[in-house]
Amino acid sequence: MNTPLIETIALTDLHPATDTFLVDVHEGLGQAQKAIPAKYFYDARGSYLFDQITKLEEYYPTRTEMGIMKAHIDAMIERMGPQCLLVEYGSGSSLKTRILLDHLQQPAGYVPIDISKEHLLRSAEALALAYPGLPIRPICADYTTAFQLPDANGARPVVYFPGSTIGNFEPEEARAFLQRIVQIVGAGGGMLIGVDLRKEVPIIEAAYNDAQGVTAAFNKNVLARINSELGGTFDLNCFRHHAFFNATHSRIEMHLESLGDQCVRVADRYFPFRYGETILTEYSYKYTLEAFASLVASAGFEVEKVWMDEDHLFSVQYLVAR
Ligand code: AVI
């Protein structure tokens, strides 16, 4: 019975034709502070490891956000209003999306946006089966770039951006990203966003230094990916995972630290490492409510409502474009 899927899923493919992995790695490893963009964590193994991270005892964000969603779903749905067009940035298969789709009143459609076409179509198909009749309009794109939403007969778009992925942008990038969303949704459009909050340092640092070493494996996986996809010569045993909270910038920094003087080749270029030198692989910013409100205000959004767990570890916020 394929017919219902064919009728409800219409893909827009804006995926860039050229692969920039090698260029980005060469550029990043050529900098004084070596760096690899965090988006390259997510090949099949990286996505699997991230999924494992979300189930760890130390990694509080996922279960806390889920608890907030469950506790306040009715109030969230009321803010989003009837017949809205739900636009999800990132994966469209999560339980959190289903909570929204289970409760939304006659949604005009669902627009998942993801860079991985395979993942996008797989999750769109699963949702088409679970929500027959829901128009699904996936867009395969890098969601940090500009694009247009499909026409939905004037329905009000509401962007859903869970998981505190906003924390993986530097504040200036986050502002530009939110500004683009304001343009995409237009005045009166909404955004439901998960934002991890600043808290005691040991709680934050434990979340990125789990006892089982899953986060360390996730971090090192990017080196394995460079080896297999770009002909890299990284010895994974010669680097260690290092994650710490930088209080000045209110962010977790994840690095891979060289355990000795060494030289690594990636395709046709060589990169020397000194003992203790690091590759920066990820920032994860932790916001106070005030800092986040001023960030979104500078992008043209207003915070309309904030929901939190009782320990104030995490927040889900409803923003409205001015
Ligand atoms: C996807 N993102 C919100 C995660 C975070 O917490 O910043 C990625 C992650 N990195 C290590 N653990 C989880």
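## Helix H5 and its cover

In this predicted model, helix H5 spans residues 95-103. Its buried residues are Lys-96, Thr-97, Ile-99, Leu-100 and Leu-101.

## The nonpolar cores

Leu-100 of H5 also belongs to the largest nonpolar core, which has 63 residues. Leu-100 is among the members that touch the most others, along with Met-80, Leu-192, Phe-234, Val-266 and Ile-279. Helix H4 (residues 60-80) gives this core its largest share, eight residues.

Another core lies apart from the largest one. This other core has 37 residues, including Val-87, Phe-147, Val-185 and Phe-301.

## Helices H3 and H9

Two packed helices are described by the angle and the distance between their axes. For H3 (residues 44-53) and H9 (residues 214-230), the axes come within 9 Å. They cross at roughly 160 degrees. Angles over 145 count as roughly antiparallel, so H3 and H9 are roughly antiparallel to each other. Their crossing is left-handed.

Which residues meet? H3 brings Arg-45, Gly-46, Leu-49, Phe-50, Gln-52 and Ile-53. H9 brings Val-214, Thr-215, Ala-217, Phe-218 and Asn-221. Six residues of this contact are nonpolar, four are polar and one is charged.

Terms used
Residues numbered from 1 in each chain as written. Predicted model: local features only at pLDDT ≥ 70, side-chain atom pairs only at ≥ 80, totals over all residues. Heavy atoms only, no water. Core = buried A, V, L, I, M, F, W, Y, C linked by side-chain atoms within 4.5 Å. Buried < 20%, exposed > 50% of the residue type's maximum accessible area, 1.4 Å probe, protein only. Helix = DSSP H or I, 4+ residues; strand = E, 2+ residues; numbered from the N terminus. Axes fitted to C-alpha atoms, helices over the stretch in contact; angles between N-to-C directions. Parallel < 35°, antiparallel > 145°, perpendicular 65-115°, else oblique. Left-handed = near helix turned anticlockwise from the far one by under 90°. Contact = heavy atoms within 4.5 Å. Nonpolar A, V, L, I, M, F, W, Y, C, P; charged D, E, K, R; others polar.
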